[in-house]
Amino acid sequence: MLFSKDDIGVNSNNQEAETNDSAFTSKFLNIHTERIENLRGDLQRFPEDGEGFFLQTMQSFNAITFVLKIAHHYFIEELYATTYSVSMKVVVALQELQSKGKIGKITLLISDSMMSRNPKVCDAINSWAETDGSITVIYSWNHSKFTLCKTKEDFFCIEGSGNWGDNACYEQYCFINSQQVYDLRKRLFSDCKVVYRVN
């Protein structure tokens with residue numbers, strides 16, 4: 001069970017630091033930590049606006065697991081994901097989510113080395129994007145790993161060590177709800193050096 005924000009306090013005698021005129025607008029840190037073994041069972045709620053969860057996985061689940069959980073509760077208007085590698089299982093899962101109306105626009109930023117490491121998966125992703133204008137695939141010299149999910153009211157950012165594969169075990173993630181972070185991370189998709197692009 002994640003901690004509530006009331007469980008974590010800031011001890012300060014500085015009243016100015018707890019007013020809206022300072023950098024600190026709350027006397028509570030909206031950061032929670034937890035070790036989790038099963039995302040579906042252990043993550044009891046999503047981060048609220050301006051809140052972040054720092055998670056340590058103890059069992060196998062990867063970055064797509066967050067998307068599945070979010071899509072179970074909300075329509076994902078746009079999904080941006082960057083990864084070093086992606087498995088065919090993840091591609092199939094994304095296609096299924098989109099065909100069931102759970103995700104709108106999808107933009108993937110994948111390491112260009114994936115084209116030689118796993119051309120079969122790249123061919124499948126590229127073919128999908130070529131037949132569906134709501135899918136964009138960008139290949140670049142990339143090792144970043146984060147996922148952005150915009151819903152009607154939330155801007156979820158998932159950052160961590162996990163790729164979009166199926167071999168994760170001990171991984172760490174930050175699960176944040178922040179439009180400011182979302183907008184910052186989203187800039188990578190337009191600022192990166194493109195090696196190959198579909199759409």
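Guide: Begin with strand pairing. Two strands pair if DSSP finds at least two bridges between them. Keep in mind that this is a predicted model. Here, strand β3 (residues 76–83) and strand β4 (residues 103–111) are joined by seven bridges and run parallel.

Visitor: Which residue of β4 stands opposite T82?

Guide: L109 does. Look also at what links the two strands. Helix α3 (residues 88–99), together with β3 and β4, makes a right-handed β-α-β unit.

Visitor: Which strand is joined to β3 by five bridges?

Guide: That is strand β6 (residues 146–150), and this pair runs antiparallel.

Visitor: How many of the eight residues of β3 are buried?

Guide: Buried means under 20% relative accessible area. Seven of the eight residues of β3 pass that test, so the strand is largely enclosed by the rest of the structure.

Visitor: Now the aromatics. How many aromatic pairs does the structure hold?

Guide: It holds 12. Planes over 60 degrees apart count as edge-to-face. Take F46 and F175: their centres are 6.2 Å apart, with 85° between the planes, which makes the pair edge-to-face.

Visitor: What does the pair of F46 and F175 tie together?

Guide: F46 lies in the loop between α1 (39–42) and β2 (51–57), while F175 lies in strand β8 (residues 172–177). The pair therefore ties together parts 129 residues apart in sequence. F46 is buried, at 13% relative accessible area. F175 is buried too, at 1%.

Visitor: Are the rings of Y80 and F189 stacked or edge-to-face?

Guide: Edge-to-face, because their planes are at 65°, with the centres 4.9 Å apart. Y80 sits in strand β3 and F189 in helix α7 (residues 188–191), so this pair ties together parts 109 residues apart in sequence. Y80 is buried at 6% relative accessibility. F189 is buried, with a value of 6%.

Visitor: Which residues do ring pairs link into a cluster?

Guide: The cluster consists of F46, F53, F66, Y74, F156, Y173 and F175.

Visitor: Which ring does the charged end of R117 sit over?

Guide: The ring of Y84, at 4.0 Å from its centre. Another case is R185, which lies over the face of F146, 5.8 Å from the ring centre.

Visitor: On to polar contacts. Where is N163 found?

Guide: In the loop between β7 (155–160) and β8. Its side chain makes a polar contact of 3.2 Å with the side chain of T83. The N163 side chain also reaches the backbone nitrogen of Y84, at 3.2 Å. Beyond its sequence neighbours up to four places away, N163 touches N62, A63, T83, Y84, S85 and K145.

Visitor: One more residue. Is Y139 buried or exposed?

Guide: Buried, with a relative accessible area of 0%. Y139 belongs to strand β5 (residues 135–140). Its side chain and that of N126 are joined by a polar contact of 2.8 Å. Leaving out residues up to four places away in sequence, Y139 touches several others, including I110, C122, I125 and V195.

Notes
Residues numbered from 1 in each chain as written. Predicted model: local features only at pLDDT ≥ 70, side-chain atom pairs only at ≥ 80, totals over all residues. Heavy atoms only, no water. Buried < 20%, exposed > 50% of the residue type's maximum accessible area, 1.4 Å probe, protein only. Helix = DSSP H or I, 4+ residues; strand = E, 2+ residues; numbered from the N terminus. Right-handed = clockwise from strand over helix to strand, strands pointing away. Phe/Tyr/Trp six-rings, centres within 6.5 Å; stacked < 30°, edge-to-face > 60°. Lys NZ or Arg CZ within 6 Å of the ring centre and 35° of its normal. Polar contact = N/O pair within 3.5 Å; in protein donor to acceptor, adjacent residues only side chain to side chain. Contact = heavy atoms within 4.5 Å.
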